[in-house]
Amino acid sequence: MQEKSERSMASLYLNKIVLKTEAAPLMHELATRFNATSYLGVLENNEVMYLERAEQFNSLRLYTQIGKREPLHCTALGKVLMSALPEAEFERKARNLPYTRYTDKTLTRYEDFAEEVAIVRANGYALDRGEHVEGSSCLAVPIYDYTRNLIAAMSISGYGLLDNYPEEVLYDSMREAAVELSTRMGYTKPDNDKA
(Lines give C-alpha, C1' and ligand atoms only; values in the text may rest on other atoms or scores of the structure.)
Protein backbone atom coordinates (compact mmCIF):
# COMPACT_ATOMS: atom_id res chain seq x y z
CA MET A 1 0.00 0.00 0.00
CA GLN A 2 2.80 2.40 0.91
CA GLU A 3 4.61 1.57 -2.36
CA LYS A 4 1.47 2.44 -4.34
CA SER A 5 1.15 5.74 -2.46
CA GLU A 6 4.82 6.56 -3.15
CA ARG A 7 4.33 5.78 -6.86
CA SER A 8 1.28 8.05 -6.92
CA MET A 9 3.23 10.90 -5.27
CA ALA A 10 6.13 10.42 -7.71
CA SER A 11 3.68 10.49 -10.63
CA LEU A 12 2.12 13.75 -9.38
CA TYR A 13 5.58 15.27 -8.98
CA LEU A 14 6.63 14.26 -12.50
CA ASN A 15 3.36 15.59 -13.94
CA LYS A 16 4.05 18.98 -12.34
CA ILE A 17 7.56 19.04 -13.83
CA VAL A 18 6.20 18.18 -17.28
CA LEU A 19 3.44 20.78 -16.88
CA LYS A 20 5.94 23.52 -15.95
CA THR A 21 8.29 22.56 -18.79
CA GLU A 22 5.53 22.58 -21.38
CA ALA A 23 3.96 25.78 -20.03
CA ALA A 24 7.08 27.95 -19.80
CA PRO A 25 7.49 28.94 -23.50
CA LEU A 26 3.76 29.59 -23.90
CA MET A 27 3.73 31.73 -20.75
CA HIS A 28 6.77 33.73 -21.84
CA GLU A 29 5.15 34.40 -25.22
CA LEU A 30 1.97 35.67 -23.50
CA ALA A 31 3.94 37.83 -21.07
CA THR A 32 5.89 39.38 -23.94
CA ARG A 33 2.82 39.92 -26.14
CA PHE A 34 0.89 41.73 -23.39
CA ASN A 35 3.83 43.35 -21.54
CA ALA A 36 2.66 41.54 -18.41
CA THR A 37 3.38 38.54 -16.19
CA SER A 38 2.04 35.03 -16.71
CA TYR A 39 1.41 32.59 -13.86
CA LEU A 40 0.70 28.88 -13.62
CA GLY A 41 -1.01 27.72 -10.43
CA VAL A 42 -2.54 24.66 -8.83
CA LEU A 43 -5.05 24.16 -6.03
CA GLU A 44 -3.27 23.14 -2.84
CA ASN A 45 -5.39 22.89 0.29
CA ASN A 46 -7.29 26.20 0.43
CA GLU A 47 -4.85 28.26 -1.63
CA VAL A 48 -3.36 28.75 -5.07
CA MET A 49 0.25 27.59 -5.28
CA TYR A 50 2.37 29.07 -8.07
CA LEU A 51 4.24 26.45 -10.13
CA GLU A 52 5.71 28.88 -12.66
CA ARG A 53 6.02 32.56 -13.47
CA ALA A 54 7.10 34.10 -16.77
CA GLU A 55 7.81 37.69 -17.69
CA GLN A 56 9.07 39.53 -20.73
CA PHE A 57 12.80 40.22 -20.60
CA ASN A 58 14.11 43.18 -18.58
CA SER A 59 10.97 43.38 -16.46
CA LEU A 60 10.77 44.59 -12.88
CA ARG A 61 7.06 43.74 -12.52
CA LEU A 62 5.24 41.76 -9.82
CA TYR A 63 8.06 39.51 -8.63
CA THR A 64 6.54 36.33 -7.24
CA GLN A 65 8.44 33.30 -6.02
CA ILE A 66 7.59 29.87 -7.32
CA GLY A 67 5.82 27.98 -4.53
CA LYS A 68 4.25 31.15 -3.17
CA ARG A 69 0.65 30.75 -2.08
CA GLU A 70 -2.18 33.14 -2.80
CA PRO A 71 -5.85 33.28 -1.77
CA LEU A 72 -8.60 31.63 -3.81
CA HIS A 73 -11.40 34.18 -3.37
CA CYS A 74 -9.72 37.19 -4.98
CA THR A 75 -7.43 35.78 -7.68
CA ALA A 76 -8.40 34.76 -11.19
CA LEU A 77 -6.35 31.56 -10.80
CA GLY A 78 -8.22 30.71 -7.60
CA LYS A 79 -11.61 31.27 -9.20
CA VAL A 80 -10.76 28.98 -12.14
CA LEU A 81 -9.41 26.25 -9.85
CA MET A 82 -12.49 26.42 -7.62
CA SER A 83 -14.84 26.37 -10.61
CA ALA A 84 -13.84 22.81 -11.48
CA LEU A 85 -14.73 21.33 -8.09
CA PRO A 86 -17.93 19.29 -7.69
CA GLU A 87 -20.64 21.48 -6.16
CA ALA A 88 -20.53 19.90 -2.69
CA GLU A 89 -16.73 20.16 -2.49
CA PHE A 90 -16.83 23.73 -3.78
CA GLU A 91 -19.37 24.71 -1.14
CA ARG A 92 -17.42 23.03 1.67
CA LYS A 93 -14.15 24.71 0.67
CA ALA A 94 -15.66 28.08 -0.22
CA ARG A 95 -17.66 28.38 3.01
CA ASN A 96 -14.44 27.89 5.00
CA LEU A 97 -12.31 30.50 3.23
CA PRO A 98 -11.25 33.48 5.37
CA TYR A 99 -12.38 36.12 2.78
CA THR A 100 -9.65 38.54 3.79
CA ARG A 101 -10.06 42.00 2.25
CA TYR A 102 -7.03 43.09 0.17
CA THR A 103 -8.55 46.03 -1.73
CA ASP A 104 -11.93 47.76 -1.82
CA LYS A 105 -12.87 45.39 -4.69
CA THR A 106 -12.18 42.13 -2.82
CA LEU A 107 -15.12 39.74 -2.50
CA THR A 108 -15.59 39.21 1.23
CA ARG A 109 -18.70 36.98 1.37
CA TYR A 110 -19.31 33.37 0.36
CA GLU A 111 -22.47 34.34 -1.57
CA ASP A 112 -20.60 36.83 -3.76
CA PHE A 113 -17.77 34.38 -4.39
CA ALA A 114 -20.21 31.57 -5.30
CA GLU A 115 -21.94 33.92 -7.76
CA GLU A 116 -18.57 34.87 -9.29
CA VAL A 117 -17.54 31.22 -9.69
CA ALA A 118 -20.87 30.46 -11.40
CA ILE A 119 -19.94 33.14 -13.96
CA VAL A 120 -16.50 31.54 -14.37
CA ARG A 121 -18.13 28.16 -15.07
CA ALA A 122 -20.39 29.75 -17.69
CA ASN A 123 -17.63 31.79 -19.39
CA GLY A 124 -14.72 29.35 -19.17
CA TYR A 125 -12.35 31.93 -17.70
CA ALA A 126 -11.99 34.18 -14.65
CA LEU A 127 -11.13 37.81 -14.04
CA ASP A 128 -9.55 39.66 -11.15
CA ARG A 129 -10.22 43.38 -11.50
CA GLY A 130 -7.98 44.69 -8.74
CA GLU A 131 -9.44 42.39 -6.08
CA HIS A 132 -6.07 41.11 -4.84
CA VAL A 133 -3.59 43.87 -5.74
CA GLU A 134 -4.75 47.46 -6.16
CA GLY A 135 -4.60 48.48 -9.83
CA SER A 136 -3.56 45.04 -11.08
CA SER A 137 -5.90 42.98 -13.23
CA CYS A 138 -5.76 39.39 -14.37
CA LEU A 139 -7.44 36.85 -16.68
CA ALA A 140 -7.07 33.10 -16.03
CA VAL A 141 -8.02 29.97 -17.95
CA PRO A 142 -8.18 26.26 -17.05
CA ILE A 143 -5.61 23.64 -18.06
CA TYR A 144 -6.72 20.01 -18.51
CA ASP A 145 -4.89 16.69 -18.76
CA TYR A 146 -5.49 13.36 -20.53
CA THR A 147 -8.24 12.47 -18.02
CA ARG A 148 -10.10 15.66 -19.09
CA ASN A 149 -9.82 16.91 -15.50
CA LEU A 150 -8.61 20.38 -14.60
CA ILE A 151 -5.03 20.16 -13.32
CA ALA A 152 -3.99 23.82 -13.20
CA ALA A 153 -4.86 27.36 -14.21
CA MET A 154 -2.80 29.79 -16.24
CA SER A 155 -3.12 33.57 -16.10
CA ILE A 156 -1.87 36.82 -17.54
CA SER A 157 -1.58 39.66 -15.05
CA GLY A 158 -0.42 43.24 -14.87
CA TYR A 159 -1.17 46.78 -13.77
CA GLY A 160 -3.90 48.18 -15.98
CA LEU A 161 -4.03 44.99 -18.10
CA LEU A 162 -7.80 45.11 -18.64
CA ASP A 163 -7.59 48.84 -19.37
CA ASN A 164 -4.90 48.34 -22.02
CA TYR A 165 -6.33 45.29 -23.81
CA PRO A 166 -9.91 44.28 -24.59
CA GLU A 167 -11.08 41.31 -22.52
CA GLU A 168 -11.89 39.35 -25.73
CA VAL A 169 -8.35 39.81 -27.07
CA LEU A 170 -6.82 38.59 -23.81
CA TYR A 171 -9.24 35.65 -23.61
CA ASP A 172 -8.67 34.56 -27.22
CA SER A 173 -4.89 34.47 -26.70
CA MET A 174 -5.17 32.78 -23.31
CA ARG A 175 -7.65 30.19 -24.60
CA GLU A 176 -5.37 29.35 -27.53
CA ALA A 177 -2.40 28.89 -25.17
CA ALA A 178 -4.53 26.82 -22.75
CA VAL A 179 -5.69 24.50 -25.53
CA GLU A 180 -2.08 24.08 -26.66
CA LEU A 181 -0.84 23.33 -23.13
CA SER A 182 -3.76 20.99 -22.37
CA THR A 183 -3.08 19.12 -25.63
CA ARG A 184 0.58 18.77 -24.64
CA MET A 185 -0.65 17.27 -21.35
CA GLY A 186 -2.65 14.65 -23.29
CA TYR A 187 -6.06 16.31 -23.31
CA THR A 188 -8.41 15.42 -26.16
CA LYS A 189 -11.83 16.95 -26.78
CA PRO A 190 -14.84 14.75 -26.06
CA ASP A 191 -16.43 13.39 -29.26
CA ASN A 192 -19.53 15.56 -28.76
CA ASP A 193 -17.48 18.77 -28.40
CA LYS A 194 -17.49 20.56 -31.76
CA ALA A 195 -15.67 23.67 -30.49
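Me: How far apart are the closest N and O atoms in the salt bridge of R109 with E111?
Reply: This is a predicted model, with pLDDT of at least 70 needed for local features and 80 or more for side-chain atom pairs, while totals for chains, interfaces and linings use all residues. Residues are numbered from 1 along each chain as its sequence is written, and side-chain values use heavy atoms, without hydrogens and water. A salt bridge needs a side-chain nitrogen of Lys or Arg within 4 Å of a carboxyl oxygen of Asp or Glu. For R109 and E111 the closest N and O atoms are apart by 3.9 Å.

Me: What is the relative accessible area of E111?
Reply: Buried means under 20% relative accessible area, exposed over 50%, partly exposed in between (1.4 Å probe, protein chains only). R109 is partly exposed at 43%. E111 is partly exposed too, at 42%.

Me: Which residue forms a salt bridge with E44?
Reply: E44 sits in strand 1 (residues 37-44), and its partner lies 25 residues away in strand 3 (residues 69-70). Strands (E, at least two residues) and helices (H or I, at least four) are DSSP runs, numbered from the N terminus. E44 is partly exposed, at 22%. The closest N and O atoms are 2.7 Å apart, and the partner is R69.

Me: Which element holds the salt-bridge partner of R129?
Reply: R129 meets E167 at 3.5 Å, N to O. R129 is in strand 4 (residues 126-129), so the pair ties together parts 38 residues apart in sequence, with E167 in helix 6.

Me: Which residues are linked in a network of salt bridges?
Reply: The count of salt bridges comes to 13. A network links E22, E180 and R184.
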